[in-house]
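Please walk through the fold below with a few geometric criteria in hand. Each criterion is spelled out where it comes up.

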Amino acid sequence: VEVEGEVIKKEKLLRERVNINGTLRRRELIGLSTSCSDPGEALALKFLGSKDGSPAYTKFVESNSLNLVHLLPLFPSLKPSLQAILDLFTTIPPRYYSVTTTPLQNVNAVSVAFSVVDYKMSLNGGARRLGHVTGHLEDACGMYLNPDPRFERLPLALRPKLPCPTVKIFPFPSKHFKLPADPSYPIVMVGPGTGVAPFMSFISHRKLSKKQSLHETEETCEGEWRGGFELEGE
């Protein structure tokens, strides 16, 4: 498939570009209804996407974070074409993660913290629901988090080399969410929505900044503290 002058495999397009793992929106349900060969199923999708079907949409779709992948087995006659999917669904939105490290530690490396979204749905026989990005990150790091026990007793030099997983990232600097340049200035850290990640970097930065001059601290204080980086799934 050619998208904006770039030739992409269909599987790669659906996995990395199109947001088919996001919770279905009403207009998407109405659009998908035209791809149902069963009139009853088409009517049900139209109802879920309508204003009158708002309570049912909340209970059935929103509460289960129902996406296109979950919807297909529930509506067997629903067989949207690739073009219909591309017309209905948006691109995958970026995910922003706060950096947990300070540029005083290493200007060429960053760390992030995230919680893996993982739960069982009440539909589809209790199917497992993983976060689109956090699930991918957990899978990518799985070989490091749960190493093969067969090699644990071997010296490091004899253990097989593990492949290094890669993800696409980009910086998203914050203009206002940063530390005062003067390390003696007191701060109160409150994180409604930010979590502990940026404050981990704040604390590390304060400790390391004591070893440097105030001038050096001012130069390195302009880091990517909030919002940090996009991590995409495959």
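The paragraphs below go from the overall fold to the core, a loop, a helix and the charged pairs.

This is a predicted model, where local features need pLDDT of at least 70, side-chain atom pairs count only at pLDDT 80 or more, and totals for chains, interfaces and linings use all residues. Residues are numbered from 1 along each chain as its sequence is written, and side-chain values use heavy atoms, with hydrogens and water left out.

The protein chain has nine helices and four strands. These are DSSP runs, numbered from the N terminus (helices: H or I, at least four residues; strands: E, at least two). Along the sequence the pattern reads β-β-α-α-α-α-α-α-β-β-α-α-α. Of the 234 residues, 33% count as buried. Buried means under 20% relative accessible area, exposed means over 50%, and partly exposed lies in between (1.4 Å probe, protein chains only). The accessible surface of the chain is about 14,900 Å², with 57% belonging to carbon and sulfur atoms. Such areas come from the Shrake-Rupley method with a 1.4 Å probe, and for residues only the protein chains shown count as cover. A contact is heavy atoms within 4.5 Å. Among contacts with a separation of 6 or more, 66% join residues 24 or more positions apart.

Now the interior. In soluble globular proteins, nonpolar side chains tend to be buried together. A nonpolar core is a set of buried Ala, Val, Leu, Ile, Met, Phe, Trp, Tyr and Cys residues joined through side-chain atoms within 4.5 Å. The largest one here holds 23 residues, and L24, L29, L32, L45, L71 and F89 touch the most other members. Two or more residues come from each of α2 (26-33), α3 (39-49), α4 (54-62), α5 (68-74) and α6 (82-88). The most come from α3, with three residues. Look at L45: beyond its neighbours within four places in sequence, L45 is in contact with L29, I30, L32, S33, C36, L71, F75 and L78.

Next, the loop between α4 and α5. N64 lies there and is buried at 7% relative accessibility. Leaving out residues up to four places away in sequence, N64 touches K59, Y119, M121, S122, L123 and R129. S65 lies in that loop too. Its phi is near 50 degrees, a positive value in a residue other than glycine. S65 is buried, with a relative accessible area of 19%.

Then turn to α8. Its 13 residues should span 18 Å at 1.5 Å a residue, and the end C-alpha atoms are 18 Å apart, so the two values agree. The expected span is 1.5 Å times one less than the number of residues. The buried residues of α8 include F199, F202, H205 and R206.

Where are the charged pairs? The structure holds three salt bridges. The criterion is a side-chain nitrogen of Lys or Arg within 4 Å of a carboxyl oxygen of Asp or Glu. E28 pairs with R25, the closest N and O atoms being 3.2 Å apart. E28 is buried at 4% relative accessibility, whereas R25 is partly exposed at 36%. Salt bridges that share partners join K12, E16 and K168 into one network. E16 meets K12 at 2.9 Å, N to O. Both lie in helix α1 (residues 10-16), four residues apart, about one turn of the helix. E16 also meets K168, at 3.9 Å, N to O. This pair links distant parts of the chain: E16 is in helix α1 and K168 in the loop between α7 and α8, 152 residues apart. K168 is exposed, with a relative accessible area of 51%.
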